[in-house]
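Reader: Could you take me through one part of this model in some detail? I'd like to hear about a helix pair first, and then whatever connects to it.

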Amino acid sequence: MIGPGIKRGTAELAVLSVLEDGPLHGYELSRRIEQQTKGALRFTLAALYPMLYRMEQRGWIRGSWETSQQGRRRRCYRLTQAGKTKLSPLRKEWSELFSALQRLTKVSRA
Amino acid sequence: MRDWEALVERQLRGLALEPAEIAEVVAELSAHLDETCEELRRRGMTEEQAVQRTLSQVEDWQKLSRLIERARTKENVMTNRVKQFWLPSLLTLFLSMGLLMLVQFFGPNPWVIARKSAWSLIAPVAVIYLPWLFSLPLIGAMGAYLSNRAGGSRRAMLTSIVFPVLPYFAFFLVALPVTAIFNDRLGHNIMFLALFVGLLAWVVAPAGALLAGGALVQFFLSRRLDSRRIVGS
């Protein structure tokens, strides 16, 4: 299980990555992240929405109200150009970090 | 069926946001709780179990309220567009214009490019203030640094850097075609060639100088980021 410190750092990357595939509302977004990470990353409502609002303020994502076929109103979030620009270096940074950790753990085992 | 909206509204009563914003937050959070509860019911939980599990998503409503307030208002004081684009752009514009005025009043004589005819010099076609031109990389660097520090995109940074020459560029964009059309009817001192040289002197050269400074800053910032990564990893 991944600890809370790492989770905080990866949360923004997870949201941006999932939204790259298309717009989603908050509940679906949290479900998608949970499914795709096989339960390693789980967002409760209390963790998800402050982060989404913060990311929206930064201009990385944009929320707009949409009505589903069942008549349910939901706020859908989509990635903005600024979000796409943010995602690419963020992805690279995390990938480098994980590779470095992997190398480190291999070295310690040897 | 539980009234999630009423519950969220009650719990977030102290939320210090505009009424329309509060209504949005309440609607969004209650929709989330509603869907969570429905999903749990579909998985076979009893109504009570599903409600309990749904409610467990928020341990402390007051804390959530504070986090939402902070997320939605803290960065409102100055919008990102202002921080990433307008502030660096206007700063580079005012600095470069102010400096140009100072150089014009107190600086050495400008370098004048005049058009030569067979017997004499005709009207100057470009006036270049070299001290001003040499100071532009510093101004471009400042614009790049401010935009980068505010998290500006590459496009915002680039526009902030070259912002001081955009008014000149707009002038030439209008003046060049107009001159091309009416060239024959205009005086010799605003002929097409003169405007083209003017474009080089007032747009291309200053933009190059500004970009040189901006590129240098970007290079150092990316190197600093790389070294941080190395230290971090």
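Predicted model: local features only at pLDDT ≥ 70, side-chain atom pairs only at ≥ 80, totals over all residues.

Author: As for the handedness, H2(B) passes H3(B) in a right-handed crossing.

Which residues do the meeting? On the H2(B) side you'll find Leu33(B), Thr36(B), Cys37(B), Leu40(B) and Arg41(B). Facing them from H3(B) are Glu47(B), Ala50(B), Val51(B), Arg53(B) and Thr54(B). Sort the residues of this contact by class and you get 5 nonpolar, 2 polar and 3 charged.

H2(B) also turns up in the contact between the chains. There, 23 residues of chain B are in contact with 22 residues of chain A. On the chain B side, the elements giving two or more residues are H2, helix H4 (61-73) and helix H9 (192-232). H2(B) gives the most to that side, with 8 residues. By class, the side of chain B that touches chain A has 9 nonpolar, 7 polar and 7 charged residues.

Now cross over to chain A, for a look at its strands. An open sheet there is formed by 3 strands in the order E1-E3-E2, and the pairing is antiparallel. E1 and E2 of chain A stand at the edges with a single partner strand each, so one side of each is left without a neighbour in the sheet.

Take the pairings one by one. Strand E1 (residues 24-25) of chain A pairs with strand E3 (residues 73-79) of chain A over 2 bridges, in the antiparallel sense. Within that pairing, Leu24(A) has Tyr77(A) in E3(A) as its bridge partner. Strand E2 (residues 61-67) of chain A pairs with E3(A) in the antiparallel sense too, over 7 bridges. Here Ser64(A) has Cys76(A) in E3(A) as its bridge partner.

Technical notes. Residues numbered from 1 in each chain as written. Chains lettered and ligands numbered in written order. Left-handed = near helix turned anticlockwise from the far one by under 90°. Helix = DSSP H or I, 4+ residues; strand = E, 2+ residues; numbered from the N terminus. Contact = placed C-beta atoms within 7 Å. Nonpolar A, V, L, I, M, F, W, Y, C, P; charged D, E, K, R; others polar. Pairing = 2+ DSSP bridges.
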